[in-house]
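Subject: Structure handover

Hello,

Here is the structure for you to look over. My notes follow below it.

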Amino acid sequence: MNKNQKWNIENSYSELPSCLFVNQLPEQSSNPTTKYFNTNLALDLGLQFLSDKEILDYFSGNLLPVGAKSISQAYAGHQFGNFTMLGDGRAVLLCEQITPKNKKYDIQLKGSGKTPFSRRGDGKATLSSVLREFLISEAMYYLGVPTSRSLAVIQTGQKVYREKPYDGGILTRVSSSHIRFGTFEYLNRFCSNEELLIFSNYVIDRHYPHVKNTENPYLSFIEAVMIKQIDLVIHWMRIGFIHGVMNTDNMSIFGETIDYGPCAFMNIYDPKTVFSSIDRGGRYAFGNQPDILYWNLIVLVNALLPLLSNDKKKSIDLGSSIIDKFSQIFTEKWYNMMLMKLGISNRDNDDKELVDLLLEMMIKFKSDYTNTFAALTLGIEPEDSSLLSSDEFKFWKKRWTAQVDAPTNKNLKLDLMKKNNPISIPRNHLVESALKSAVNGNFSEYDNLLNLIKNPYNYKSNNFLQIIPEGFDDSYKTFCGT
């Protein structure tokens, strides 16, 4: 390591009340190898100076950076609607790194072994699940969606036993913090009101300092979180992303996508689309994500009621005054997003019908979500599209064209559409094929997919729409990766 370069570490979380974490070292990896190191992210973090040996040592869990105090965080959560005591059952927070631009990020090892929160688990992760999160989180970043990111993938040299033995892996995950809705639930249930107050002030200072001087900072905090989360889920809806497990413990308080388990991208447009193997009732289907966000926000408000007022009824009324705004705000932002996908920026109420009619036709004709909007952007007709050749669509297109080609919108149309409609996404069949090859030792397909996801809006060099194998999604399932 260059003598003039070093980590810039803080451990502010470990200075919080002791009920919030346990001191925890990662387990040692017996024969680790570095599979991927994200050099662009390392540069942003101020860690570009790390040698190959240091990357391997630090991110395999075999060595702590000087000054780091590794911990596992305690939290709870509502999983499929049921309250559960949780915590970092297979992760340790190495430290908080302060970047050259003075931003603070958590550096976490995921899959690093048992902790007191592991319950009956081994705390490990399969190499396949680690590679999946590395790929999908980076895809989300380049798609313009707020997300945790992946700094390194390490193969541990050890086997992880599920239904059969798999190669083990550790992901180095980077996020603005790993604080969740469920962290507040945990404090409300198991800690004192004073500890809840200390923690909430910490979160406000770290993530929402602009609410500190408002009349009721904790109420303003709830509203700020709500707006962040609405914007995040609308991003998901824009690109056809299905998180798959929107439990409150998987919702970042800062509005970043986190915990990539049974996630997937929707191909054929259908709001009922579910790919998660554990979501048998469709609770977290694509079209249900706004309703689940609303439900999760109510849970967060309930956890914060002791801080809103000394009077419980008044606290409930105050919390309701914010949550009651959800539907109107979400609907307005969602239509704005969908209309930008259609190249419309200055809209009126009649334009909402353009969105509604198009989505109804897409369901009827089983149209590919990404390809339909990409084709509209390109001004072409996909070969397999029965939608774009239908009389219904031709009638709709005349109305849409009249709107987007109006003098006030003409220059903005293409720019808006190209920024909001990816031409390529990490299609499910591509992800599965790349992962299968990678865990068998051939990383070429995975590397090609990593390159593809870095230019999802590149309409200049790639005007070919992605083709999906017929019937692939009919039986496609994703898993938690634990």
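**Salt bridges**

Lys 53 is exposed, at 60% relative accessibility. The cut-offs are these: buried is under 20% relative accessible area, exposed is over 50%, and partly exposed is in between, with a 1.4 Å probe and protein chains only. Before going on, note that this is a predicted model, in which local features need pLDDT of at least 70 and side-chain atom pairs count only at pLDDT 80 or more, while totals for chains, interfaces and linings use all residues. Residues are numbered from 1 along each chain as its sequence is written, and side-chain values use heavy atoms, with hydrogens and water left out.

Lys 53 makes a salt bridge with Asp 57, at 2.7 Å from N to O. (A salt bridge is a side-chain nitrogen of Lys or Arg within 4 Å of a carboxyl oxygen of Asp or Glu.) Both residues sit in helix 2 (residues 52-59), four residues apart, so about one helical turn separates them. Helices (H or I, at least four residues) and strands (E, at least two) are DSSP runs, numbered from the N terminus. Asp 57 is buried, at 18% relative accessibility.

The structure has 21 salt bridges. One of them pairs Glu 27 with Lys 124, with the closest N and O atoms 3.5 Å apart. Glu 27 is in the loop between strand 2 (21-23) and strand 3 (33-37), and Lys 124 is in the loop between strand 8 (104-110) and strand 9 (125-126), so this pair ties together parts 97 residues apart in sequence. Glu 27 is partly exposed, with a relative accessible area of 30%. Lys 124 counts as buried, at 19% relative accessibility.

Asp 122 has a salt bridge to Arg 162, with the closest N and O atoms 2.8 Å apart. Arg 162 lies in the loop between strand 10 (149-161) and strand 11 (165-175), and Asp 122 in the loop between strand 8 and strand 9, so parts 40 residues apart in sequence are tied together. Arg 162 is partly exposed at 28% relative accessibility. Asp 122 is partly exposed too, with a relative accessible area of 26%. Elsewhere, salt bridges with shared partners join Glu 10, Glu 96, Lys 104, Asp 106 and Arg 206 into one network.

**Cavities and a pocket**

How many cavities of 30 Å³ or more are there? The count is four. The search runs on a 1 Å grid over the protein atoms alone: a cavity is a set of points where a 1.4 Å probe fits but cannot get out, a pocket is an open set with protein on both sides within 12 Å along at least five of seven lines, and lining residues have an atom within 4 Å of a point. Grid points are joined across faces, edges and corners, and a volume is the space filled by probe spheres set on the points.

The largest cavity holds about 70 Å³. Its lining has 15 residues, with Gly 111, Lys 124, Thr 156, Gln 158 and Ile 170 nearest the centre. Strand 10 and strand 11 are the elements that give two or more residues to this lining. Strand 10 gives the largest share, four residues. By class, the lining has three nonpolar, nine polar and three charged residues. Here Ala, Val, Leu, Ile, Met, Phe, Trp, Tyr, Cys and Pro are nonpolar, Asp, Glu, Lys and Arg are charged, and the others, Gly among them, are polar.

The second largest pocket has about 700 Å³ of space. It is lined by 28 residues, and nearest its centre are Asn 267, Ile 268, Lys 366, Ser 367 and Asp 368. That lining divides into twelve nonpolar, nine polar and seven charged residues.

Ile 467 is in the segment after helix 15 (444-452). Ile 467 is exposed, at 68% relative accessibility.

**Aromatic pairs**

The whole structure has 32 aromatic pairs. Rings of Phe, Tyr and Trp (its six-membered ring) pair if their centres lie within 6.5 Å; planes under 30 degrees apart are stacked, over 60 edge-to-face, and the rest tilted. Tyr 294 and Phe 326 form a tilted pair, 5.3 Å centre to centre with 50° between the planes. Tyr 294 is in helix 7 (residues 289-308) and Phe 326 in helix 9 (residues 326-341), 32 residues apart. Tyr 294 is partly exposed at 32% relative accessibility, whereas Phe 326 is buried at 6%.

Best wishes
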